[in-house]
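Here is a short briefing for a first look. Start with the view below, then read the points by topic.

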Amino acid sequence: MSAYMRGYLRRRRLEKPALEMWHRAKKRADRLGVNFSLARDAVVIPDRCPVLGVPLDVRPPRTSNSPSLDRIDPAGGYADRNIRVISDHANRIKGAMTLGLLRARAIYGSPALRDDYAQVVAYVEREALLVEVRKKAAMGGRMGAEWHKIALFLDRVFRKGDDGLRPHQDLSQ
């Protein structure tokens with residue numbers, strides 16, 4: 001690869017990190033043979049990880065706080081409603097684990113990671129709720145329209161990660 005191309009790709013990673021994530025996802029989908037129907041503007045990097053609440057850092061080098069594209073349902077491919085930008089650490093914890101295994105790790109896993117696992121469990125549960133609400137919205141009619149409004153609201157809140165229900169917060173206050 002020429003020095004010019006390396007420099008161009010480096011600048012693109014710094015200047016347009018969301019577009020770079022989209023390109024990497026497209027290549028990964030081709031390599032893995034999974035569906036890719038992701039609009040270029042669907043990748044939005046929030047300021048904070050919607051799972052762990054840590055600030056996301058787009059600058060190199062790659063760290064546990066770097067943004068990472070999560071396929072909510074790993075079998076669902078790269079589609080607008082099946083991706084979230086979360087921290088690399090949260091995405092590595094989640095991997096392709098089932099909800100049951102994540103819950104077990106939140107209880108019996110490494111003490112240093114239990115809180116992180118609990119937050120990933122909450123994230124997976126929120127996303128499962130959103131899938132159910134979208135199914136109800138798809139039924140159409142007046143009720144479907146109301147469920148669609150709820151789905152839009154939940155998606156906006158979940159994307160930001162500020163739902164106020166992080167496991168480490170004291171809900172008794």
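Ser 64 touches Ser 87, Asp 88 and His 89, leaving out residues up to four places away in sequence; contact means heavy atoms within 4.5 Å. This is a predicted model: local features need pLDDT of at least 70, side-chain atom pairs count only at pLDDT 80 or more, and totals for chains, interfaces and linings use all residues. Residues are numbered from 1 along each chain as its sequence is written, and side-chain values use heavy atoms, with hydrogens and water left out.

**The loop between β1 and β2**

- Ser 64 lies in the loop between β1 (36-37) and β2. Helices (H or I, at least four residues) and strands (E, at least two) are DSSP runs, numbered from the N terminus.
- Ser 64 counts as partly exposed, at 38% relative accessibility. Buried means under 20% relative accessible area, exposed over 50%, and partly exposed in between (1.4 Å probe, protein chains only).
- Ser 64 and Val 54 are ten residues apart in sequence, and their C-alpha atoms are 9.7 Å apart in space.
- Pro 61 lies in this loop between β1 and β2. A cis peptide bond joins Pro 60 and Pro 61, with omega about -5°.

**Strands**

- Strand β2 (residues 67-71) runs antiparallel to β4, and five bridges join them. Two strands pair if DSSP finds at least two bridges between them.
- Asp 70 has Arg 84 in β4 as its bridge partner.
- Five of the five residues of β4 are buried, so the strand is largely enclosed by the rest of the structure.

**Nonpolar cores**

- The largest nonpolar core has 26 residues. Such a core is a set of buried Ala, Val, Leu, Ile, Met, Phe, Trp, Tyr and Cys residues joined through side-chain atoms within 4.5 Å.
- Phe 36, Leu 38, Val 43, Cys 49, Val 51, Leu 69 and Tyr 78 touch the most other members.
- At least two residues of this core come from each of α2 (17-32), β4 (83-87), α3 (88-94), α4 (99-108) and α5 (114-137). Helix α5 gives the most, with five residues.
- Apart from this core lies another, of six residues, among them Leu 130, Ala 151, Leu 154 and Phe 158.
- Beyond its neighbours within four places in sequence, Tyr 78 contacts residues including Ala 25, Phe 36, Leu 69 and Ile 83.

**Salt bridges**

- The whole structure holds eleven salt bridges. Each is a side-chain nitrogen of Lys or Arg within 4 Å of a carboxyl oxygen of Asp or Glu.
- Lys 94 pairs with Asp 70, with the closest N and O atoms 3.0 Å apart. Lys 94 lies in helix α3 and Asp 70 in strand β2, so the pair ties together parts 24 residues apart in sequence. Both Lys 94 and Asp 70 are buried.
- Glu 127 and Arg 84 meet in a salt bridge (2.7 Å, N to O). This pair links helix α5 and strand β4, 43 residues apart. Glu 127 is buried at 3% relative accessibility, and Arg 84 is buried at 5%.
- Arg 84, Glu 127, Arg 134, Asp 155 and Arg 159 are linked in a network of salt bridges.
- Asp 57 forms a salt bridge with Arg 59, the closest N and O atoms being 2.9 Å apart. Asp 57 is partly exposed at 23% relative accessibility, whereas Arg 59 is exposed at 56%.
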